[in-house]
Structure formats: structure tokens, C-alpha cells
Amino acid sequence: MSTEPATTAKVASYAFWGHDGRALATFYAAALGWPDKIQEYPNEEGVPTAFLVGDGTTTFVFYTARDYRAPNWPADELPFHLDLTFPDVEAAVERLVALGATKPAHQPGGEYWTVLLDPSGQPFCVSGGA
């Protein structure tokens with residue numbers, strides 16, 4: 001029996017939607033240097049729809065959503081985004097683009113961060129300091 005109060009919670013995973021959950025799981029596992037072991041979970045029809053990747057401490061779940069539309073960034077406000085840090089930002093950006101990210105023309109971070117779009121079109125930021 002746990003001694004923690006019933007109102008104490010721990011984050012079990014972070015969930016993301018996109019047009020291809022498997023592709024996003026593969027991209028982020030490679031981007032973060034995590035094992036490429038992907039756990040699949042089917043929807044009601046038995047079609048794999050949720051894909052989990054993690055490093056033993058953090059888990060991301062990527063869902064395939066039939067009607068997913070990438071945000072029209074920067075025109076649309078974002079409900080969330082990821083900030084990833086790397087010791088060598090330039091090398092990280094080059095590697096992430098090779099993995100399938102794209103670099104939009106709009107770069108509001110100046111010398112502080114670089115915005116990339118993941119394969120689903122969702123923005124994320126890359127900066128130094130890892």
C-alpha cells in the first residue's frame with residue numbers, strides 16, 4: 001500500500017497526435033537517442049494506432065489520427081511544443097533534418113533556439129545546453 005496521498009500523481013507518458021503515429025515514434029526515438037523498440041497498441045478494429053517509445057524514465061505515445069492537421073505555424077497558436085537541448089545545436093539540426101524534420105523560414109529564436117517541424121508538421125525547438 002502506498003504512503004503517498006491519493007492526490008499525488010506522476011506523469012505516465014506524454015501523448016502526441018499526428019497523421020502517422022509509427023513514423024513519429026520512429027522519428028522521436030532516433031531524435032532523442034532512445035532505443036528504437038516501439039510498442040504497438042491497436043484500436044477497436046485491431047489496427048495498430050498507438051505507438052510507445054521511451055528511455056526507461058520517460059515515455060512518449062504517438063497516435064495515428066485520421067483527421068490530423070498540422071498547425072499553421074506561426075499563424076496558429078500552439079497548445080504545446082517540445083524544447084530539446086543538445087550540446088551541438090548545428091549538428092543536431094542537421095541530424096534531425098536528415099531524420100525527417102524540416103526547418104521553416106520563420107525563426108523567432110535568433111541565436112537562442114532553432115525551430116524545426118517534426119514529420120507531422122508540429123513545431124519543436126532545439127537549443128544548446130544539454
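This is a predicted model: local features need pLDDT of at least 70, side-chain atom pairs count only at pLDDT 80 or more; totals for chains, interfaces and linings use all residues.

Read from the N terminus, the elements of this chain follow the order β-α-β-β-β-β-α-β-β. That amounts to two helices and seven strands. Along its principal axes, the C-alpha trace extends over about 50 × 40 × 30 Å. Of the contacts with a separation of 6 or more, 55% are between residues 24 or more positions apart.

Buried residues account for 33% of the 130 residues. There are 7 positive and 16 negative side chains, with the centres of the two sets 5 Å apart.

How many salt bridges does a search of the whole structure find? The search returns one. Its partners are glutamate 40 and arginine 22, whose closest N and O atoms are 2.2 Å apart. This pair joins distant parts of the chain, 18 residues apart: glutamate 40 belongs to strand E2 (residues 39-42) and arginine 22 to helix H1 (residues 21-32). Glutamate 40 is partly exposed, at 38% relative accessible area, and arginine 22 is likewise partly exposed, at 36%.

Finally, consider serine 127, located in strand E7 (residues 123-127). Is serine 127 buried or exposed? With a relative accessibility of 17%, serine 127 counts as buried, because the cut-off for that class is under 20%. Beyond its neighbours within four places in sequence, serine 127 contacts Leu84, Thr85, Phe86, Val89, Tyr112 and Trp113.

Conventions: Residues are numbered from 1 along each chain as its sequence is written. Side-chain values use heavy atoms; hydrogens and water are left out. A salt bridge is a side-chain nitrogen of Lys or Arg within 4 Å of a carboxyl oxygen of Asp or Glu. Helices (H or I, at least four residues) and strands (E, at least two) are DSSP runs, numbered from the N terminus. Buried means under 20% relative accessible area, exposed over 50%, partly exposed in between (1.4 Å probe, protein chains only). Contact means heavy atoms within 4.5 Å. Lys and Arg count as positive and Asp and Glu as negative; His and the chain ends are not counted. The place of a charge is taken as NZ of Lys, CZ of Arg, CG of Asp or CD of Glu.
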